Amino acid sequence: MTRFSAMLGTAMLMTSTVMVAESAFAPRGAQGQPYPLQPSSPRIDRLVRAPGMIEGTLTRVDGRTESVDVSIFLGLLGKTLEVGRDTLIQVNGREARFADLQEGAKVKAFYEERGAKLVATRLEVLTAPS
């Protein structure tokens with residue numbers, strides 16, 4: 001037997017031993033079947049879809065789609081947020097409307113992930129454009 005054959009045989013024996021051990025120690029249900037994968041808990045889902053916040057500049061305010069682009073780091077990074085009727089908009093600490101948003105304004109935007117969309121829950125205009 002060559003040295004390679006001996007090493008290959010040893011590797012195969014170790015692999016099969018690990019596979020047998022895994023199946024022997026796997027949790028079993030009432031009828032001896034492995035437990036199915038459990039769906040993630042709501043607590044984990046909440047962590048994955050945690051609300052977000054971005055602070056930057058409004059680089060685009062689109063009245064047609066009612067969305068805004070908030071950019072950071074010289075406009076190279078940012079997010080597009082949809083603005084709905086339940087979005088709280090504040091300018092200088094007072095309640096405002098979508099029409100009051102202006103490109104160039106500094107904002108703090110709070111949002112939620114809803115499917116593939118980022119939906120603004122609150123937009124706070126920190127400074128008006130100069």
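Select Asp62 to begin: this residue counts as buried because its relative accessibility is 16%; buried means under 20% relative accessible area, exposed over 50%, and partly exposed in between (1.4 Å probe, protein chains only). The structure is a predicted model, in which local features need pLDDT of at least 70 and side-chain atom pairs count only at pLDDT 80 or more, while totals for chains, interfaces and linings use all residues. Residues are numbered from 1 along each chain as its sequence is written, and side-chain values use heavy atoms, with hydrogens and water left out.

The side chains of Arg60 and Asp62 form a salt bridge, with a distance of 3.1 Å from N to O. The term stands for a side-chain nitrogen of Lys or Arg within 4 Å of a carboxyl oxygen of Asp or Glu. Side chains of opposite charge can pair when their charged atoms come close. Arg60 has 26% relative accessibility and therefore counts as partly exposed. By the salt-bridge rule, the count comes to four.

Move on to Glu112 and Arg114. Their side chains meet in a salt bridge of 2.9 Å, N to O. Glu112 is partly exposed, at 29% relative accessible area, and Arg114 is partly exposed too, at 39%.

Then select Arg122 and Glu124. The closest N and O atoms of this salt bridge are 2.7 Å apart. Arg122 is partly exposed, with a relative accessible area of 29%, whereas Glu124 is buried, with 18%.

Select Asp69 now. Asp69 lies in strand 2; strands (E, at least two residues) and helices (H or I, at least four) are DSSP runs, numbered from the N terminus. Asp69 counts as buried, since its relative accessibility is 17%. Which residues is Asp69 in contact with, leaving aside neighbours within four places in sequence? They are Thr57, Leu58, Thr59, Arg60, Lys79 and Thr80, contact meaning heavy atoms within 4.5 Å.

Last, select Leu76, in the loop between strand 2 (67-72) and strand 3 (77-91). Leu76 counts as exposed because its relative accessibility is 64%.
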